[in-house]
Amino acid sequence: MKYFYIKKCLFQILDLMHKIPGMDHATLQTALSERIENLPARLQVVARWVLDNPADVALLTTREQAKRTGLAPATFTRLAQRLGFAGYDDLRAIHAAALRR
């Protein structure tokens, strides 16, 4: 049992080491593209949604995006956290800033 806990902690530490503070839109897109195949199935769906629908990510609420993908809003939050954000709103803010440019 301890082995699995230690293994989980090590993966979390390694995951944290790959986080990029101050991530911009291009870096976010690249990070998602590179990591999508290694994500759990539901997070892959969210990652694909984020990659394919940048304007919707910026403009729609998390609940509306979840409804359109058939997933729970928490799944969107988990993807954002996996990428080093506090929550999905931080990820959405990057898309909104890119849309404003």
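A residue is termed buried at under 20% relative accessible area, exposed at over 50% and partly exposed in between (1.4 Å probe, protein chains only). The model is predicted: local features need pLDDT of at least 70 and side-chain atom pairs count only at pLDDT 80 or more, while totals for chains, interfaces and linings use all residues. Residues are numbered from 1 along each chain as its sequence is written, and side-chain values use heavy atoms, with hydrogens and water left out.

**View 1. Helices of the chain.** The chain contains seven helices and zero strands; helices (H or I, at least four residues) and strands (E, at least two) are DSSP runs, numbered from the N terminus. Of the 101 residues, 35% are buried.

**View 2. Helix H7 and its partners.** Helix H7 (residues 88–100) has 13 residues and reaches 18 Å from its first C-alpha to its last, close to the 18 Å expected at 1.5 Å a residue; the expected span is 1.5 Å times one less than the number of residues. Its buried residues are Tyr88, Leu91, Arg92, Ile94, His95 and Ala96. These pack against H2 (25–35), H3 (41–52), H4 (54–59), H5 (62–69) and H6, where contact means heavy atoms within 4.5 Å.

**View 3. The aromatic pair.** One aromatic pair is present in the structure. Rings of Phe, Tyr and Trp (its six-membered ring) pair if their centres lie within 6.5 Å; planes under 30 degrees apart count as stacked, over 60 as edge-to-face and the rest as tilted. The pair links distant parts of the chain, with Phe76 in H6 (residues 73–82) and Tyr88 in H7, 12 residues apart. Both Phe76 and Tyr88 are buried.
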